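Here are some notes to read alongside the sequence and the model. Each point takes up one topic.

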Amino acid sequence: MPHDPPLSLQDKVRLLRERYANSVEEKLIEISAAYDRLVGEKEGDDLAAAIDGLASPIHKMAGSAPTFGLAELGETAAESEELLILYKGNPDGFSNEQVSNVSAYGTN
Amino acid sequence: MAENSLNRIFLVEDDPDIQEIVLMTLKDLGGYAVDICSSGQEALDKIVGIQPDLILLDVMMPEMDGPTTLRAIRAMSEVKDTPVIFMTARSQTHEVAEYMELGAIDVIRKPFDPVTLCNQIENIWDRYNAA
């Protein structure tokens, strides 16, 4: 029985990139859910934890998306992460519009 | 004096997507033995048993971040001299300076090109051994 030839590194990278691209929707759903939790905590005691809960998947996307060939998505995630860092430092200094921008990044 | 044989690499990284692509690159392209863990605490628990030649250490991890993990490694007599390369998207000049001050031998910036990652690591390794 013939065996398939081994995949080259480029082919393996291509397959991983395809798989990552297919997982993006799921990752954005996770980010959206974390954003909803942050909005729910906007007046609550666990605001910092809610910010961290949103920052974690966004940070991962900022680092991984460009590695898998999705540069624009990575840049958008990085911008969102920067906003969250600023927001964590001064939640009261942010307008609702600025906060909603973070969510908008995840849905565009 | 630095050792000059790079065979076993320990990747400490909490993102499974990055774990997978780094593992594939290091094993397939570099031929390295690779051990992986997902947190700083897990790294501390396993590192003495692994005795890696080199650690690739993510900076931003929940609970115990990369710098905290590195400080803890430097306090463990069995592995305190193990060279560490940080992998991070946080690579502004002052941040890189902070990582080097902590004792990292270099920083690999995220995003990275999987195809050239081994070359990056080998160049850093060669510079480290020449120092």
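Among contacts in chain A between residues at least 6 apart in sequence, what percentage join residues at least 24 apart? The figure is 47%. The model is predicted, and the points below should be read with that in mind.

1. Chain A, overall. Chain A contains four helices and zero strands. Following the sequence gives the pattern α-α-α-α. The chain has 108 residues, and 31% of these count as buried.

2. A helix pair in chain A. Helix 2 of chain A covers residues 47-64 and helix 3 of chain A covers residues 71-89; their axes come within 8 Å and cross at roughly 155°. Because angles over 145 degrees count as roughly antiparallel, helix 2 of chain A is roughly antiparallel to helix 3 of chain A. The crossing of these two helices is left-handed.

3. What the helix pair is made of. From helix 2 of chain A, the residues that meet helix 3 of chain A include A:Ala48, A:Ile51, A:Leu54 and A:Ile58. On the side of helix 3 of chain A, the residues include A:Leu73, A:Ala77, A:Leu84 and A:Tyr87. Sorted by class, this contact has 12 nonpolar, three polar and two charged residues. A:His59 of helix 2 and A:Glu81 of helix 3 are among the residues taking part.

4. Where the chains meet. In the contact between the chains, 16 residues of chain B face 16 residues of chain A. On the chain B side, 11 of the residues are nonpolar and five are charged, with no polar ones.

5. B:Ile18 belongs to helix 1 of chain B, which spans residues 16-29. Is B:Ile18 buried or exposed? B:Ile18 has 23 other C-beta atoms within 10 Å, so it counts as buried; the cut-off is 20 or more. Not counting residues up to four places away in sequence, B:Ile18 touches A:Gly63, A:Ser64 and A:Thr67 in chain A, and B:Glu13 in its own chain. B:Lys110 is 92 residues from B:Ile18 in sequence, yet the two C-alpha atoms are 9.9 Å apart.

6. Two sides of a helix in chain B. Helix 2 of chain B runs over residues 40-50, and B:Gly40, B:Ala43 and B:Ile47 in it are buried. Seen down the helix axis, these buried residues fall within an arc of 35°, so they line one face of helix 2 of chain B. They pack against strand 1 (8-12), strand 2 (33-37) and helix 3 (66-74) of chain B. On the other side of helix 2 of chain B, the residues B:Asp45, B:Val48 and B:Gly49 are exposed. Just after this helix, B:Gln51 has a positive phi of about 50°.

7. A residue in helix 3 of chain B. B:Thr69 lies in helix 3 of chain B. Why does B:Thr69 count as buried? It has 24 C-beta neighbours inside 10 Å. Leaving aside neighbours within four places in sequence, B:Thr69 is in contact with B:Gly40 and B:Ala43, as well as B:Val12, B:Leu44, B:Leu57 and B:Met64. Both B:Gly40 and B:Ala43 are buried residues of helix 2 of chain B. B:Asp58 is 11 residues from B:Thr69 in sequence, with 9.6 Å between their C-alpha atoms.

How values were computed:
Residues numbered from 1 in each chain as written. Chains lettered and ligands numbered in written order. Predicted model: local features only at pLDDT ≥ 70, side-chain atom pairs only at ≥ 80, totals over all residues. Contact = placed C-beta atoms within 7 Å. Nonpolar A, V, L, I, M, F, W, Y, C, P; charged D, E, K, R; others polar. Buried ≥ 20, exposed ≤ 12 C-beta atoms within 10 Å, placed from the backbone. Axes fitted to C-alpha atoms, helices over the stretch in contact; angles between N-to-C directions. Parallel < 35°, antiparallel > 145°, perpendicular 65-115°, else oblique. Left-handed = near helix turned anticlockwise from the far one by under 90°. Arc of directions from axis to C-beta.
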